[in-house]
Amino acid sequence: MASQLNTSIPTRPQGGKNSTAEKLLVAASELMIERASIEVSLSDIAQKSGVNAALVKYHFGNKDGLLLALLARDAATEMSGLEYLISQPISPTAKLKLHIGGIIRAYYQFPYMNRLIHYLLHESSTEAADEVSKFFVAPLLEFQRRLLAEGIKAGEFRNIDPVMFYTSLVGACDHLFFGRHAMSRATGVGPVTDEVCREYIKHMEALICGGMLNGKEKGAAAG
């Protein structure tokens with residue numbers, strides 16, 4: 001399978017949003033959101049997109065190639081903004097809040113993202129896992145390591161392990177946006193709306209900053 005995996009597909013396929021490749025990605029994304037599952041078949045994707053399933057091999061190599069390209073597309077905006085954010089002349093605490101909001105909004109838009117990452121890292125090919133690590137996990141961890149180090153140096157953050165931070169933030173997104181269906185059955189909570197997303201950003205800012213900030217920064221964040 002690894003030999004068939006096309007990892008050279010651009011994040012945004014050439015030809016614009018109406019290209020065949022983009023139609024397949026959009027259909028896969030919509031089906032995963034509708035079904036709250038990444039278990040969608042090529043025939044389902046083809047039917048929803050109006051594209052022949054045989055064209056998946058032409059554009060992506062195989063289904064895992066399509067899923068890899070989908071993750072790259074979905075993560076592109078947030079990942080491309082990391083270097084810009086770290087370079088801004090604002091406090092580490094302000095950068096932290098913007099980062100929390102950006103990650104949560106990305107998961108709100110693509111609630112299957114973390115399950116897709118897990119699948120490609122652990123249940124797909126070694127080649128796919130390497131690609132996900134290269135364009136998503138490693139850059140995100142490196143950004144967070146730099147941001148945390150900057151905050152510690154500035155005296156704003158206590159000493160925080162970057163892997164623990166990554167796990168806390170990404171895990172919290174996954175459980176709200178993908179695990180919402182399980183919670184709905186158990187507690188009767190409703191769907192994730194724009195308002196819920198905004199409230200969750202405030203909640204996570206307070207929760208994470210409350211555990212990370214030192215002295216006056218913690219007081220400022222609470223205000």
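Reader: Which residues touch the most other members of the largest nonpolar core?

Author: Keep in mind that this is a predicted model. In soluble globular proteins, nonpolar side chains tend to be buried together. Here the largest nonpolar core holds 63 residues, and those touching the most other members are Leu66, Leu96, Ile104, Tyr107, Leu120 and Phe136.

Reader: Let's pick Tyr107. What is Tyr107 in contact with, leaving aside its neighbours within four places in sequence?

Author: Tyr107 sits in helix 6 and is one of the residues there that meet helix 8. With neighbours within four places in sequence left aside, its contacts are Met113, Asn114, Ile117, Phe136, Val170, Cys173, Asp174 and Phe177.

Reader: Are helix 6 and helix 8 roughly parallel or antiparallel to each other?

Author: The axes of helix 6 (residues 92-109) and helix 8 (residues 126-153) come within 9 Å and cross at roughly 155 degrees. Angles over 145 degrees count as roughly antiparallel. So the two helices are roughly antiparallel.

Reader: How do the residues of that contact divide into nonpolar, polar and charged?

Author: Helix 6 brings Pro92, Lys95, Leu96, His99, Ile103 and Tyr107, while helix 8 brings Phe136, Leu140, Phe143, Gln144, Leu147, Glu150 and Gly151. Sorted by type, they come to 8 nonpolar, 3 polar and 2 charged.

Reader: Stepping back, how many helices and strands does the protein have?

Author: From the N terminus on, the elements run α-α-α-α-α-α-α-α-α-α-α-α. The tally for the protein is 12 helices and 0 strands.

Key: Residues are numbered from 1 along each chain as its sequence is written. This is a predicted model: local features need pLDDT of at least 70, side-chain atom pairs count only at pLDDT 80 or more; totals for chains, interfaces and linings use all residues. Side-chain values use heavy atoms; hydrogens and water are left out. Axes are lines fitted to C-alpha atoms, for helices over the stretch in contact, and angles run from 0 to 180 degrees between N-to-C directions. Helices (H or I, at least four residues) and strands (E, at least two) are DSSP runs, numbered from the N terminus. Angles under 35 degrees count as roughly parallel, over 145 as roughly antiparallel, 65 to 115 as roughly perpendicular and the rest as oblique. Contact means heavy atoms within 4.5 Å. Ala, Val, Leu, Ile, Met, Phe, Trp, Tyr, Cys and Pro count as nonpolar, Asp, Glu, Lys and Arg as charged, and the others, Gly among them, as polar. A nonpolar core is a set of buried Ala, Val, Leu, Ile, Met, Phe, Trp, Tyr and Cys residues joined through side-chain atoms within 4.5 Å. Buried means under 20% relative accessible area, exposed over 50%, partly exposed in between (1.4 Å probe, protein chains only).
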